[in-house]
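Please keep the structure open while reading.

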Amino acid sequence: MKRGRIVHIVFLLLVVLYFGCNMLMHSGKVSGIATEYVASLVRKHLGGDISLGGIKIIRPMGLNIDNVVLKAPDNDTIATLSSATVRMKVLPLLKGHLSISGMRLLNPDIRLRRDSVTGQTNYQFILDLLSKDEKDKTGNMPYISVNSVIVKNGRVRYDDTGKPY
């Protein structure tokens, strides 16, 4: 009898905790804090500027990010997205690895530019980031994997400026 009562209390606490967390996830204030936190992390590691319209946590283990604008350090807009949905795997996160099971990009508009005279590109800071040999606290290289990427209604533009005609 006592054991059944404890099980019921634990079950009710889990239900209340689940619904409480669910309500907090959809709260405008919590969403705003999460949006600014993620944007500041990206700015810190990327070197460029990023603005995010909003972030919603989706089940299980996913994020929906709206109105993304990525700018180079010289304030040149490189990419805009209406929406990006990212689903992550839980177990690799516990080991410090980012394993993305699926990513969906909606209406991406990517604008890459290269000056053929100087050889400078507006996306060089991204290439520099990907080529860094930074190690994590354990001395291992950071592990990031993406299993699938779906792009809907995407557009890529590559301008080679400074080219003599």
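Asp-159 is partly exposed in this predicted model, with a relative accessible area of 27%. Its salt-bridge partner is Arg-157, and the closest N and O atoms of the two are 3.1 Å apart. Arg-157 also counts as partly exposed, at 47% relative accessibility.

**Other salt bridges**

- A search of the whole structure finds six salt bridges.
- Arg-113 and Asp-76 form one of them, with 2.7 Å between the closest N and O atoms.
- Arg-113 lies in strand E6 (residues 109-115) and Asp-76 in the loop between E3 and E4, so this pair ties together parts that are 37 residues apart in sequence.
- Both partners are partly exposed: the relative accessible area is 25% for Arg-113 and 23% for Asp-76.
- Asp-109 and Arg-155 meet through their side chains in another salt bridge, at 3.3 Å from N to O.
- This second pair links distant parts of the chain, since Asp-109 is in strand E6 and Arg-155 is in strand E9 (residues 155-161), 46 residues apart.
- Arg-155 is exposed, with a relative accessible area of 53%, because the cut-off for exposed is over 50%.
- Returning to Asp-159 and Arg-157, their salt bridge has a closest N to O distance of 3.1 Å. Elsewhere, salt bridges that share partners join Asp-74, Asp-76 and Arg-113 into one network.

**Ser-83, a buried polar residue**

- Ser-83 is placed in strand E4.
- Its relative accessible area is 7%, so Ser-83 is buried.
- The side chain of Ser-83 makes a polar contact with the side chain of Asn-64, at 3.1 Å.
- Apart from neighbours within four places in sequence, Ser-83 is in contact with Asn-64, Ile-65 and Asp-66, and also with Arg-104, Leu-105 and Leu-106.

**Nonpolar core**

- In soluble globular proteins, nonpolar side chains tend to be buried together.
- The largest nonpolar core here has 15 residues, and those with the most contacts inside it are Ile-50, Leu-52 and Val-68.
- At least two residues of this core come from each of helix H2 (28-46), strand E3 (62-71) and strand E4 (77-88).
- Strand E4 gives the most to the core, with four residues.
- When residues up to four places away in sequence are not counted, Ile-50 touches Ala-39, Val-42 and Arg-43, together with Val-68, Val-69 and Leu-70.

**Overall make-up**

- The protein has four helices and nine strands.
- Along the sequence these follow the pattern α-α-β-β-β-β-α-β-β-α-β-β-β.
- The protein has 165 residues, of which 22% count as buried.
- Its accessible surface comes to about 11,900 Å², and 63% of that belongs to carbon and sulfur atoms.
- Among contacts between residues at least 6 apart in sequence, 51% join residues at least 24 apart.

Conventions:
Residues numbered from 1 in each chain as written. Predicted model: local features only at pLDDT ≥ 70, side-chain atom pairs only at ≥ 80, totals over all residues. Heavy atoms only, no water. Core = buried A, V, L, I, M, F, W, Y, C linked by side-chain atoms within 4.5 Å. Buried < 20%, exposed > 50% of the residue type's maximum accessible area, 1.4 Å probe, protein only. Contact = heavy atoms within 4.5 Å. Areas by Shrake-Rupley, 256 points an atom, 1.4 Å probe, with all protein chains shown as cover. Salt bridge = Lys/Arg side-chain N within 4 Å of Asp/Glu carboxyl O. Polar contact = N/O pair within 3.5 Å; in protein donor to acceptor, adjacent residues only side chain to side chain.
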